[in-house]
Amino acid sequence: MTRFAIGALISAMLAVSPRASAQDPSTATLRDLAFMAGCWRGDFANDAALEEFYTQPSDNLILGLSRFMRGNRAVQHEFSRITADSSGITLLPFPGGKPSEHAFRLTSFGRGRALFEAPEHDFPKRIRYSKGNDGFLTARIDGGEGDSRVQEWRMRQVGCER
């Protein structure tokens, strides 16, 4: 391949990359997060699982529930409230049912993905959701730029009757 062809190929790949397709978060509505709606489950080593449920978005609210399972026993849970108002979209976690001191603001979104950030929080500073072409939903938390702490869960859509 010539250098021109390689350069053109790289430019084309960058043009369709997720970063290139990022949209201004001030234009987002909760409908842009509809890819998260439904029931999701990820199975992991040692008989562990994560189950998440998100409601279909209304104009101003999405509700979520997460539970970490070990066998048939819930060992941890979290409620989530994602709200939209004149200041933008905010994810409010309730780990263990208690409100977090920090709200996570939507800072980036695109087709099938959303990034929420709370830079003042100790950990996590970022919460990401993305839905791949394979239909799996990935939830990821991390400590921000330069922080190696990362947790990621890949979940398939399941029936909500569980």
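Let's start with Asp47, which is in the loop between E1 and E2. Bear in mind that this is a predicted model. Phi of Asp47 is near 60 degrees, a positive value in a residue other than glycine. Asp47 counts as exposed, at 57% relative accessibility.

Next, Asn46, found in that loop between E1 and E2 as well. Asn46 also has a phi near 60 degrees, positive without being glycine. Why flag that? Most residues other than glycine have a negative phi. Is Asn46 buried or exposed? Asn46 is exposed, with a relative accessible area of 66%.

Now the strands on either side. E1 and E2 form a hairpin, with three residues between them. E2 covers residues 48–54. How many bridges join E1 to E2? Seven, and the two strands run antiparallel.

E1 has another partner. That is strand E10, residues 150–158. E1 and E10 pair over three bridges, in the antiparallel sense. Here, Trp40 stands opposite Gln157 in E10.

So where does that leave E1? The strand spans residues 38–44. Five of its seven residues are buried, so E1 is largely enclosed by the rest of the structure. The cut-off for buried is under 20% relative accessible area.

Last stop, a peptide bond. Which residues does the cis peptide bond join? Phe123 and Pro124, with omega at about -5 degrees. Most peptide bonds are trans. Pro124 is found in the loop between strand E7, 113–117, and strand E8, 126–131.

Notes
Residues are numbered from 1 along each chain as its sequence is written. This is a predicted model: local features need pLDDT of at least 70, side-chain atom pairs count only at pLDDT 80 or more; totals for chains, interfaces and linings use all residues. Side-chain values use heavy atoms; hydrogens and water are left out. Buried means under 20% relative accessible area, exposed over 50%, partly exposed in between (1.4 Å probe, protein chains only). Helices (H or I, at least four residues) and strands (E, at least two) are DSSP runs, numbered from the N terminus. Two strands pair if DSSP finds at least two bridges between them.
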